[in-house]
Amino acid sequence: MPSSEPMPPDLQPQDAEGWRRLSRRMLLVHPVRTLWSMAFPLVIAIFAGTRGDGENPFWIWIALAGGAIALFAGVFTWFVTRYRFTAEQLQMRTGLLSRRVLTAPLDRVRSVDIESSPLHRALGLATVKVGTGVDDSRIELDGLTQEQAAELRSFLLLRAKAGQTVSPVEAGRGSAVTDPSQGEARDAGAGAAAYPEAPSGPETELARIDWGWLRFAPFSLSSLVVVAGAVGVLSQFGDDLPIDQVEVAQDAWAWILARTLLVLVAGAVLLVVVGWVLLSTLSYVITWWNLRVVREGNGNLRVTRGLLTTYSQTIERAKVRGVSMGEPFLLRFVKGAELTAMATGIGAAGTTKVLPPAPREVVTRIGHELLEEDGALTMPLIGHGPYARRRIHLQNQWGTLFFTGVLAVLTYFLDRWWIFDRIPDWLPVAGLVGFGLLNALLAESAWRNLGHGLTGKHLVVQTGAVIRTREALERAGIIGWTMHQTFFQRRRGLADLHATTAAGAEVVIAPNIPVDLAVALAREATPGMLEDFLA
């Protein structure tokens with residue numbers, strides 16, 4: 001490797017073949033981690049195996065066996081895990097009987113994430129996760145000091161760029177798994193100033209957590225789902241109520257018939273709302289504690305956050321292909337939104353969360369900073385016309401049609417059941433009408449949110465009814481177009497236009513767009529790509 005290229009930092013002592021071990025402090029982390037993973041079965045075994053005579057309780061042997069297994073697993077994991085640098089690769093070797101070697105080409109590194117759990121931070125350790133963008137698998141060096149992790153992150157991102165200038169002779173020389181002469185050259189220069197510092201130039205802080213944003217935390221739909229599930233679990237304890245006692249039922253039956261349903265509904269709603277607010281706020285603080293979004297001197301994007309477990313994710317500037325702004329319907333009422341970056345090489349999803357629920361003006365400002373262009377997240381969009389509106393409404397009423405059929409079957413076959421005698425005749429009809437109106441409102445919202453547009457650098461598509469999503473994809477990142485048409489879409493001259501990309505979910509879809517608009521949009525977004533096919 002030429003001396004002008006970045007050299008790997010001197011992380012740990014290495015053997016004759018260049019293999020290094022992780023920090024010895026991991027001998028404390030691995031046993032604790034193993035015991036934690038075994039906590040539930042150990043507790044079950046302890047309660048099931050405890051003897052009432054108090055002599056030689058079985059749980060003591062279970063605890064001792066679990067501790068011994070955890071200690072052995074921790075020592076074994078540290079003993080069989082090693083890593084090294086060659087001229088072209090980062091390699092990690094694990095396993096004793098069945099050995100596995102993971103490799104990451106140094107010039108193909110696309111993301112370097114640093115993660116540190118509370119136990120890691122107490123011991124001054126961190127985990128470095130290296131991704132190449134080929135698939136969702138990554139090399140995890142679990143057991144570097146925090147200083148070493150930062151140095152390694154800088155080296156890998158620098159080497160990914162420097163590797164593009166390596167000559168074929170040097171690349172061929174470094175392709176072998178073991179190159180003693182190259183290893184000696186590295187050892188000789190390890191103590192020199194060959195390893196460059198962090199990228200030159202000042203960092204630019206794009207965003208920092210503002211605790212005034214906590215007011216947006218309760219408007220996240222994910223917390224509502226969790227709280228509703230918890231209420232459902234607690235409701236299982238209703239069997240313990242004394243409703244099977246005759247005297248209780250006789251004395252309170254009239255009161256129960258008049259008030260129980262109202263009281264239970266009000267209590268459940270209050271419990272859900274209070275739990276929703278508390279859980280969402282706590283989750284917001286734990287997840288987004290000390291959030292910083294930074295543009296490094298070389299243009300790379302770095303996102304750090306986390307209270308219990310800290311995360312630091314670095315994305316190469318050239319790999320950011322767009323952003324996605326999500327606006328759940330509750331957040332829209334309070335003028336809030338969320339921001340996600342779309343990039344290549346950051347896992348299977350191809351996305352990383354940049355901002356939590358925050359004011360919409362903050363989200364649009366940071367989104368435009370990432371896009372390096374204004375207007376994509378605020379511009380008016382082109383609608384998809386009345387045919388798209390009609391199709392969306394018809395699609396949404398399929399659920400109403402299904403509900404009507406189920407209700408008709410139940411009414412025909414089960415009308416003699418006692419429960420149907422207690423249901424007013426108007427209630428099923430009211431429920432059916434309400435369900436149809438709800439689907440109509442969702443369809444109208446989906447149509448009004450639907451649209452597309454183009455800026456100088458980006459394709460913009462907006463979709464969604466309950467969660468409105470606006471995606472801005474870099475036009476240079478579009479590698480192909482696909483147009484899908486169902487039988488009913490062909491009759492109305494509509495299509496689903498797919499813009500294929502290597503970032504995010506690997507496709508951005510403009511649904512129910514008129515065919516002439518779809519062709520015009522594709523031709524303008526990527527001039528010259530469709531000319532041969534259209535001819």
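Trainee: Where does Arg153 lie?
Mentor: Arg153 is part of helix H5, residues 146–162. Keep in mind that this is a predicted model.

Trainee: Is Arg153 buried or exposed?
Mentor: Buried, because its relative accessibility is 12% and the cut-off for buried is under 20%.

Trainee: What is Arg153 in contact with?
Mentor: Leaving aside neighbours within four places in sequence, Arg153 contacts Val112, Ile114, Glu296, Arg302 and Thr314.

Trainee: New topic. Which residues of helix H17 are buried?
Mentor: In H17, residues 515–525, they are Ala518, Leu521, Ala522 and Ala525. Their arc around the axis is only 95 degrees, so they sit on the same side of H17.

Trainee: And which are exposed on the other side of H17?
Mentor: Asp516 and Glu524 are exposed there.

Trainee: What do the buried residues of H17 pack against?
Mentor: Strands E15 (451–454), E16 (458–463), E18 (478–484), E19 (494–501) and E20 (507–514).

Trainee: Now the largest nonpolar core. How many residues?
Mentor: It has 31 residues. Trp213, Val293, Leu339, Leu355 and Leu370 have the most contacts inside it.

Trainee: Which element gives the most to this core?
Mentor: H11, with five residues. Among the elements supplying at least two residues each are helix H9 (246–288) and strand E13 (336–343).

Trainee: What does Val293 touch?
Mentor: Not counting residues up to four places away in sequence, its contacts include Leu206, Leu301, Arg302 and Leu355.

Definitions and conventions: Residues are numbered from 1 along each chain as its sequence is written. This is a predicted model: local features need pLDDT of at least 70, side-chain atom pairs count only at pLDDT 80 or more; totals for chains, interfaces and linings use all residues. Side-chain values use heavy atoms; hydrogens and water are left out. Helices (H or I, at least four residues) and strands (E, at least two) are DSSP runs, numbered from the N terminus. Buried means under 20% relative accessible area, exposed over 50%, partly exposed in between (1.4 Å probe, protein chains only). Contact means heavy atoms within 4.5 Å. The arc is that of the directions from the helix axis to the C-beta atoms. A nonpolar core is a set of buried Ala, Val, Leu, Ile, Met, Phe, Trp, Tyr and Cys residues joined through side-chain atoms within 4.5 Å.
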